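User: I would like to learn how to read a ligand site and a helix in a model. Please take me through them one feature at a time.

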Amino acid sequence: MFLRCIDCAAALPAGMYYSCQACGGILEVVEPIRLPRPLPGAGMWSGDAALGVGDPAAVATLGEGMTPLHRAPGLARAIGADGDIRIKDETVNPTGSFKDRAVAAAVARARELGLPGIVCASSGNAGASAAAYAARAGLPAVIVVPTHTPVEKLTQIAAYGARLVQVDGHYSRAYAVGLDIARRHGLANVTTTYLNPYGVDALKTVGHEIFDQMEGRVPDWVLVPTGAGPLVRGVVQGFRERAPGHLPKLVAVQAEGCAPIVRAFEAGERAVRAWGTPTTFASGISDPLIGYERDGTHTLDLVIATGGLAVAVEDEAIRAAMALLARGEGILAEPTGASSVAALQMLLADGRIARDASVVCLVTGHGFKDLKVWREMPADIRRLEDPADADRLVETILAGGVASSDQDRPREAS
Ligand SMILES: *Cc1c(COP(=O)(O)O)cnc(C)c1O
């Protein structure tokens, strides 16, 4: 196992390095080592993937990965698709997002290398993963987040006992503080941009699983909520290993309010430039890439290599997709998690994806992580003042009666 720069191909030993010493480029893991045997019942560690960790004692697992791939006929009908539409449900990972895969591998490698603790810059989900896996591994963790991170994510990070550092401004500012802390204190940086090669490498398991769950068929399209893009890379790498020469077309989905990769794609530029100030409620992909623009460029290269697309969706379309997923399929997603479904709806409507195409939407983060958005959704909630009225109330409900408007919001118990 060694590390190699994706730009200049310079090689480095498999230590905890974050960028090419020669050109600053992104490093990737080459010929990853594997555990001597799979760990039964331990999610992505229970398969045969080589995940860059050789010592089973270094793995602190919570059962991350091996998530379900659901058929979604209700959703397909609602958005006008006739093909095989499936949801890769990453919300069921131990801390509620796919970040668990990357962080579990990065923490295991840090442990194997004997590092004293971890730091993670995060818009919330990677921080929750880092806090949980640090607790599991018995390592101290410092998590750096923007102040405006959803309160559920902050609460989750603090609950696992991590030290939480809030910085004013957007994600890229937290990223810079994380770099600094890692450098000064010798902590492993498990930030889930392209920084940590072991973390990024583990995301290939998403591609492996989709291929295996579709019994060796390659879907036409895979839609991926995209910040910096390691998850895009994970899907591409997974299919490259399982089905060489048969890649699905990847769609990198961003929010209108923060879409640096889409802007470059639409302008026909190959180099991604940083975004100004993000304005979207999709916190998990609100990443302006300031200071690590080459992450975006690498992701764009991958998307283009598959013949895919980069598209942006409005917050309102995401809100509608959240409701469709919850009501049509029983899957509760945070805004970012449902952005792939919003994009599919748009691409079916404008004909860029054919109605009979076979499509996988990655749903990346759980709805519990951003409840404010859900509290603002219309809901049918009625108060039963007198238990004697229960029959009448249920009859109205079953007859399709509509709740009066002052009763249609969840409220705190008084
Ligand atoms: C981090 C995150 C993403 C974006 O992942 P990248 O690999 O940075 O592109 C998408 N969805 C959710 C819920 C996330 O937390």
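Analyst: The largest cavity is the space taken by the ligand. A cavity is a set of points, on a 1 Å grid over the protein atoms alone, where a 1.4 Å probe fits but cannot get out; a molecule sits in a cavity if more than half of its atoms lie within 2 Å of its grid points. This is a predicted model: local features need pLDDT of at least 70, side-chain atom pairs count only at pLDDT 80 or more, and totals for chains, interfaces and linings use all residues. Residues are numbered from 1 along each chain as its sequence is written, and side-chain values use heavy atoms, with hydrogens and water left out.

User: What span should helix α12 have?

Analyst: The expected span of a helix is 1.5 Å times one less than its number of residues. Helix α12 (a DSSP run of H or I, at least four residues) has 15 residues, 335–349, so it should span 21 Å, and its end C-alpha atoms are 21 Å apart, which agrees.

User: Is α12 mostly covered or mostly uncovered?

Analyst: Buried means under 20% relative accessible area (1.4 Å probe, protein chains only). Twelve of the 15 residues of α12 are buried, including Pro335, Val341 and Leu348. Glycine 351, with a positive phi near 85°, follows α12.

Key. Helix = DSSP H or I, 4+ residues; strand = E, 2+ residues; numbered from the N terminus. Buried < 20%, exposed > 50% of the residue type's maximum accessible area, 1.4 Å probe, protein only. 1 Å grid on protein atoms, 1.4 Å probe; cavity = no way out; pocket = protein on both sides within 12 Å on 5 of 7 lines; lining within 4 Å.
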